[in-house]
Amino acid sequence: MEMTPTEFTEVLRAGAGGDAPAETGADFLDTTFEELGYDSLALLETLSRIERSHGVSLPDEVIGELTTPRSFLDLVNEHLRRALPV
């Protein structure tokens, strides 16, 4: 099961303490976290929430490599697909 952009945005917004844009479209997904006002702490909290809710385990260091919501969502979904039984 993949995480949808809407679901990811809700988790991201919650990870930032609810102070996030309500947008979920392609423009939002391709806008940098810096432009959106998300800092590394919000992204780490988002990662932690996704790990708890979806069982995805990613190293904290990956946060520095993620530049947009789409890159974060794609990485999560890649790990979810690998976790599925064949």
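**Conventions**

This is a predicted model, in which local features need pLDDT of at least 70 and side-chain atom pairs count only at pLDDT 80 or more, while totals for chains, interfaces and linings use all residues. Residues are numbered from 1 along each chain as its sequence is written, and side-chain values use heavy atoms, with hydrogens and water left out.

**Whole chain**

Display the protein chain as a cartoon. Its secondary structure comes to five helices and zero strands, where helices (H or I, at least four residues) and strands (E, at least two) are DSSP runs numbered from the N terminus. Along the sequence the pattern reads α-α-α-α-α. Of the 86 residues, 34% count as buried; buried means under 20% relative accessible area, exposed over 50%, and partly exposed in between (1.4 Å probe, protein chains only). Among contacts between residues at least 6 apart in sequence, 56% join residues at least 24 apart, contact meaning heavy atoms within 4.5 Å.

**Stop 1**

Select glutamate 7. With 23% relative accessibility, this residue counts as partly exposed. Apart from neighbours within four places in sequence, glutamate 7 is in contact with Glu2 and His54. The C-alpha atoms of glutamate 7 and leucine 73 are separated by 9.8 Å, although the two residues are 66 residues apart along the chain.

Next, select threonine 9, also placed in helix H1. Threonine 9 counts as buried because its relative accessibility is 1%. Its side chain reaches the backbone oxygen of proline 5 at 2.8 Å.

**Stop 1: H1 against H4**

Select residues 5-15 (H1) and 40-54 (H4) together. Their axes come within 8 Å and cross at roughly 125°; axes are lines fitted to C-alpha atoms, for helices over the stretch in contact, and angles run from 0 to 180 degrees between N-to-C directions. H1 is therefore oblique to H4, since angles under 35 degrees count as roughly parallel, over 145 as roughly antiparallel, 65 to 115 as roughly perpendicular and the rest as oblique. Show the side chains of the contact: H1 contributes Glu7, Phe8, Val11, Leu12, Ala14 and Gly15, and H4 contributes Ala42, Leu43, Glu45, Thr46, Arg49, Ile50 and His54. These residues divide into seven nonpolar, three polar and three charged. In this classification, Ala, Val, Leu, Ile, Met, Phe, Trp, Tyr, Cys and Pro count as nonpolar, Asp, Glu, Lys and Arg as charged, and the others, Gly among them, as polar.

**Stop 2**

**Stop 3: leucine 66**

Finally, select leucine 66, in the loop between H4 and helix H5 (69-83). Is leucine 66 buried or exposed? Leucine 66 is buried, its relative accessible area being 11%. Leaving aside neighbours within four places in sequence, leucine 66 is in contact with Phe33, Ser71, Phe72 and Leu75. Threonine 32 lies 34 residues away along the chain, and its C-alpha atom is separated from that of leucine 66 by 8.9 Å.

Methods. A polar contact is a pair of N or O atoms within 3.5 Å; within protein, one must be able to donate a hydrogen and the other to accept it, and residues adjacent in sequence count only if both atoms are side-chain atoms.
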